[in-house]
Amino acid sequence: MSIERVDPLQAVIFDVDGTLADTERDGHRVAFNAAFEAAGLSYRWSVEEYGALLATTGGRRRIERYLQSHGHSPTEAAELAATLHADKTRRFVALVRTGAMQERPGTAELINALRAERVAVAVATTGTSDWVLPLLDILFGIDAFDVVVTGSDVTDLKPDPAVYLETLVRLDLTAVEAVAVEDSANGVQAAVSAGLRCVAVVNGYTRDQDMSGAVAVLDDLARPGGVSVLRGDPQLADGLTVAALRRLARVVA
Ligand code: XBP
Ligand code: MG
């Protein structure tokens, strides 16, 4: 009787903002500010201030909390945030379609390698589907993804695990069969709360955040000459490869 060896890595679930692409500083932030200006508001989010505002996931909620902290009533803040966020989203879609957003180094190669080895590739993001789908299509081709779950598909946003739990349902997998790749503390918490092993790949905004729960922390997915392993298996210095993800899939979380 032959015992079929099941691959411990059935899927890899990628976050988008900050993970597959560095979209926040020169993308979302610019679109938020353009929406404020178009509405005749004097608010402008500096690079530094925006880094702190990222503690709130979801662009509409981010605006709403900011408006409330700047003297707007809860009702007015909610109404204005909805209008501003819809305009911001339209502006960010336009920015995406100019090709201004680039994928992070190594992401396209890793996605292609996973697909070549018949490992499912999924996305679990807080972002709004209106821009997530065109961004993924422009950068990677939307057919590269078996499942895409966005902030438009769930009620509760990261660090709540909802988007990862929904992704696992659509993949028809359990959490032990997949590994998540995230860039932020909110994202790592969401993945770990869903029972997933999670690799953190930090960026300028998230480098100093608490990535407790991640099985490894890198400063990039891949780079000529190798990446810095801030925490985890030193072998990961070669970058986040399919083989490395398979080894991580066996790590006892
Ligand atoms: C990051 C977020 C999003 C983006 C802005 O999502 O929190 O809110 O900052 O996009 P993730 P929206 O890292 O999970 O991809 O304005 O569409 O929310
Ligand atoms: Mg992110």
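The model is predicted. The chain has 253 residues, and 53% of them count as buried. Its secondary structure comprises 9 helices and 7 strands. A magnesium ion (ligand 2) has three aspartates as its protein donors: Asp15, Asp17 and Asp183.

**Overall build**

- The radius of gyration of the chain is 18 Å, which agrees with the value near 18 Å for a compact globule of 253 residues.
- Along the principal axes, the C-alpha atoms fill a box of roughly 70 × 35 × 35 Å.
- Counting contacts between residues at least 6 apart in sequence, 60% join residues at least 24 apart.

**Surface and charge**

- The chain carries 24 positive and 35 negative side chains.
- The centres of these two sets of charges lie 1 Å apart.

**The magnesium site**

- The donor atoms lie 2.1 to 2.3 Å from the magnesium ion (ligand 2).
- Asp15 and Asp183 each donate through OD, whereas Asp17 donates through O.
- Along the chain, the donors follow the spacing D-x1-D-x165-D.
- Asp15 counts as buried because its relative accessibility is 4%, below the 20% cut-off.

**Threonine 19**

- Threonine 19 sits in the loop between β1 (11-14) and α1 (24-38).
- Its relative accessibility is 0%, so threonine 19 counts as buried.
- Beyond its neighbours within four places in sequence, threonine 19 is in contact with Arg104, Thr107, Val181, Glu182, Asp183 and Leu221.
- One of these contacts, Asp183, is also a donor of the magnesium ion (ligand 2).

**Backbone exceptions**

- Most residues other than glycine have a negative phi, and most peptide bonds are trans.
- Arginine 118 has a positive phi of about 60°, although it is not a glycine.
- The loop that holds arginine 118 runs between α5 (107-116) and β2 (120-124).
- Arginine 118 has a relative accessible area of 78%, which is over the 50% cut-off, so it is exposed.
- Aspartate 172 also has a positive phi, near 60°, and is a residue other than glycine.
- Aspartate 172 lies in the loop between α7 and β4 (178-182).
- With a relative accessible area of 67%, aspartate 172 is exposed.
- The peptide bond between lysine 158 and proline 159 is cis, with omega about 10°.
- Proline 159 belongs to the loop between β3 and α7 (162-171).

**Aspartate 143**

- Aspartate 143 is located in the loop between α6 (129-140) and β3 (147-149).
- Its relative accessible area is 68%, so aspartate 143 is exposed.
- Aspartate 143 and valine 202 are 59 residues apart along the chain, and their C-alpha atoms are separated by 26 Å.

Conventions: Residues are numbered from 1 along each chain as its sequence is written. Chains are lettered from A and ligands numbered from 1 in the order in which they are written. This is a predicted model: local features need pLDDT of at least 70, side-chain atom pairs count only at pLDDT 80 or more; totals for chains, interfaces and linings use all residues. Side-chain values use heavy atoms; hydrogens and water are left out. Donors are N, O and S atoms within 2.8 Å of the metal (3.2 Å for Na, K and Ca); water is not among the atoms, so sites may look incomplete. Buried means under 20% relative accessible area, exposed over 50%, partly exposed in between (1.4 Å probe, protein chains only). Helices (H or I, at least four residues) and strands (E, at least two) are DSSP runs, numbered from the N terminus. The radius of gyration is taken over C-alpha atoms; the globule rule is 2.2 Å times the number of residues to the power 0.38. Contact means heavy atoms within 4.5 Å. Lys and Arg count as positive and Asp and Glu as negative; His and the chain ends are not counted. The place of a charge is taken as NZ of Lys, CZ of Arg, CG of Asp or CD of Glu.
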